[in-house]
Amino acid sequence: MPWLRMLVAATAAMALAGPTAVATAAPPDQDGVRAGVHTAGRVKDAGDVFQYSWPGVYFEGRFRGTGVGVVLDDPAADYDVQIDGATVATLVTPGRTTHWVDGLRDGVHTVRLVKRNDTPWSTSSFGGFVAAPGGAVLGRPAARSRQIEFVGDSLTAGYGNLSTSRDCTGEQVARTTNADVSYGALTARRLRADYQINAYSGLGMVRNYNGGTPEVNYRSFYDRALLNVPGDVWRNPGTWRPRLVVVHLGTNDFSTPVNPGEPWTDESLAAAYRSAYSGFLQKLRTRYGPGTTLLAVGAGPFAGHVEQVVEERTTAGDRRVRYWRLDDTGLDHTGCHWHYSARDNRLLADRLTAFITDLPIRW
C-alpha cells in the first residue's frame with residue numbers, strides 16, 4: 001500500500017508552448033470579458049480580470065475567426081489551451097502574456113483554458129479571450145445544468161498523474177500534475193456536469209501530511225477563493241448550486257505515523273477526525289441545502305471512520321449523505337510519490353461514475 005509514501009506538491013517555473021500556437025505579449029481588449037466567458041470555478045471578479053487559486057479552474061468561450069488570444073498573468077501555474085475539444089498548447093508558468101492560437105479555419109470555434117496544477121501560494125489572473133483581427137468573441141457558452149463539487153487533497157488535484165516515474169523532483173511534480181485528467185474532472189465530463197476541484201495537496205481534515213503546519217488544515221482554506229490571502233472568502237455569485245459534493249479527505253491525516261511532539265494519540269486523532277468530518281458535512285449541508293447529495297469517500301486506513309460518520313448522520317436523519325468505499329483494485333499508483341496515475345484516474349472515474357449514476361440525485 002502507498003499510504004506511507006504520499007508527499008505534498010512542490011512547483012517550479014519554466015515555459016513551454018504547443019507546436020500549433022505562439023505566445024506574444026499584447027495589450028488585451030477588456031471589453032466584454034465576462035460576457036464572453038463561462039466558468040464554474042471559484043473565481044474572484046477583480047474588474048478586468050478573474051482571480052483564482054484552486055486547481056482545475058476552467059474558462060470556456062466561443063469565437064468567430066482564424067485565431068484567439070488567451071490573456072493571462074500567472075507566474076506559477078500551468079495551463080492547457082483547447083480549441084474545438086483538442087489541446088493545442090500547454091503553457092507552463094506563462095507570466096503576463098496574451099497567448100495566441102492562429103491559423104485556424106475561418107469560422108466559429110470553441111476555446112477552453114484549464115489550470116492544470118495546484119499553486120496555493122500564488123494568485124492566478126485571467127483577462128479573457130480576444131479574437132484575432134477580423135474575428136469576434138461571441139457570447140459565453142451556456143452553463144451546464146448539472147454541477148458537482150470535489151473536495152480533496154493531492155489525490156483529487158491530480159498530483160503527478162502524468163509522470164512516468166514515482167520518483168519526482170518538485171519541478172517534475174509541477175509539470176506532470178494535470179487536474180483536467182483527474183478522476184473528478186473525468187467523472188464530471190462523463191456526467192455532462194460543470195465542476196469545481198477544491199483540492200489542496202498535503203492537507204487533511206485535522207492533520208496534514210507527516211504532521212506538518214499543525215496550525216492549519218484543509219478546513220482552514222475551504223471557504224477561500226484566493227488561497228494565499230488570509231481571511232479571503234469566496235462569494236458565491238448565486239450560480240453555484242451543486243447537487244452533488246464529493247469529499248475525499250483523510251489520506252494525509254492517517255498516511256504517516258504520529259510523530260513525537262504531535263498533540264495526538266492514534267485514538268485522539270481518529271476521534272478528532274470523525275468529529276471534524278461530521279462538522280464539515282454539516283457545513284456543506286447548511287451551505288447547499290437538503291437537496292444536495294453529500295458523497296463521503298472512504299479509503300485505506302480512514303475508510304472505517306468515514307463510514308461511521310455517514311452512518312451516524314444517516315441515523316440522525318440526513319437522508320442525502322452517502323458513503324462510497326473507494327475500490328483500489330487494479331490501481332498501479334505510478335504517479336509521483338505513489339499517487340494515482342492517469343490510468344488510475346480513468347479507472348476511478350469509471351467506478352465513481354457508475355456509483356453516482358445509481359444515486360437518486362435530482363439534477
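**Figure 1. Arg34 counts as partly exposed because its relative accessibility is 35%.** Throughout these legends, "buried" means under 20% relative accessible area, "exposed" means over 50%, and "partly exposed" is anything in between (1.4 Å probe, protein chains only). You are looking at a predicted model, where local features need pLDDT of at least 70 and side-chain atom pairs count only at pLDDT 80 or more, while totals for chains, interfaces and linings use all residues. Residues are numbered from 1 along each chain as its sequence is written, and side-chain values use heavy atoms, with hydrogens and water left out. The partner to find here is Asp45, whose side chain meets that of Arg34 in a salt bridge (2.8 Å, N to O). This pair ties together distant parts of the chain, 11 residues apart: Arg34 is in the loop between strand E1 (22-24) and strand E2 (44-45), and Asp45 is in strand E2 itself. Asp45 also counts as partly exposed, since its relative accessibility is 45%. For reference, a salt bridge is a side-chain nitrogen of Lys or Arg within 4 Å of a carboxyl oxygen of Asp or Glu, and that rule gives a count of 18 salt bridges. Helices (H or I, at least four residues) and strands (E, at least two) are DSSP runs, numbered from the N terminus.

**Figure 2. Arg207 and Glu262 form a salt bridge, with their closest N and O atoms 2.7 Å apart.** These two residues come from distant parts of the chain, 55 residues apart: look for Arg207 in the loop between strand E13 (193-199) and helix H4 (218-221), and for Glu262 in the loop between helix H5 (251-254) and helix H6 (266-288).

**Figure 3. Asp332 and Arg343 meet through their side chains in a salt bridge (3.5 Å, N to O).** Here the link runs from Asp332, in the loop between strand E16 (321-325) and helix H8 (342-357), to Arg343 in helix H8, and the two distant parts of the chain are 11 residues apart. Asp332 has a relative accessible area of 24%, so it is partly exposed. Arg343 counts as partly exposed too, at 39% relative accessibility.

**Figure 4. Helix H3 (residues 183-190) is largely enclosed by the rest of the structure, because six of its eight residues are buried.** Which residues of H3 are buried? They are Tyr183, Gly184, Ala185, Leu186, Thr187 and Ala188. Around them you will find strand E12 (146-152), helix H1 (154-157), E13, strand E14 (244-248) and H8, against which these buried residues pack. After H3 comes Arg192, with a positive phi near 55 degrees.

**Figure 5. Phe59 and Phe126 have the most contacts inside the largest nonpolar core, which has 86 residues.** The biggest contribution to this core comes from H6, which supplies eight residues. A nonpolar core is a set of buried Ala, Val, Leu, Ile, Met, Phe, Trp, Tyr and Cys residues joined through side-chain atoms within 4.5 Å. In soluble globular proteins, nonpolar side chains tend to be buried together. Setting aside residues up to four places away in sequence, Phe126 touches Val37, Val49, Phe50, Tyr52, Phe59, Val70, Val71, Leu72 and Leu113, where contact means heavy atoms within 4.5 Å.

**Figure 6. Cys168 and Cys336 are joined by a disulfide, S to S 2.0 Å.** The bond is left-handed, with -85 degrees about the S-S bond. It links distant parts of the chain, 168 residues apart: Cys168 sits in the loop between H1 and helix H2 (170-176), and Cys336 in the loop between E16 and H8. Cys168 counts as buried because its relative accessibility is 13%, and Cys336 counts as buried at 0%. Searching the whole structure turns up one disulfide, defined as a pair of cysteine sulfur atoms within 2.5 Å.

**Figure 7. Ser53 lies in the loop between strand E3 (50-52) and strand E4 (58-65).** Its relative accessibility is 1%, so Ser53 counts as buried. A polar atom of the Ser53 side chain lies 3.1 Å from the backbone nitrogen of Leu227. Beyond its neighbours within four places in sequence, Ser53 is in contact with residues including Lys115, Thr119, Ala225 and Asn228.

Terms used:
A polar contact is a pair of N or O atoms within 3.5 Å; within protein, one must be able to donate a hydrogen and the other to accept it, and residues adjacent in sequence count only if both atoms are side-chain atoms.
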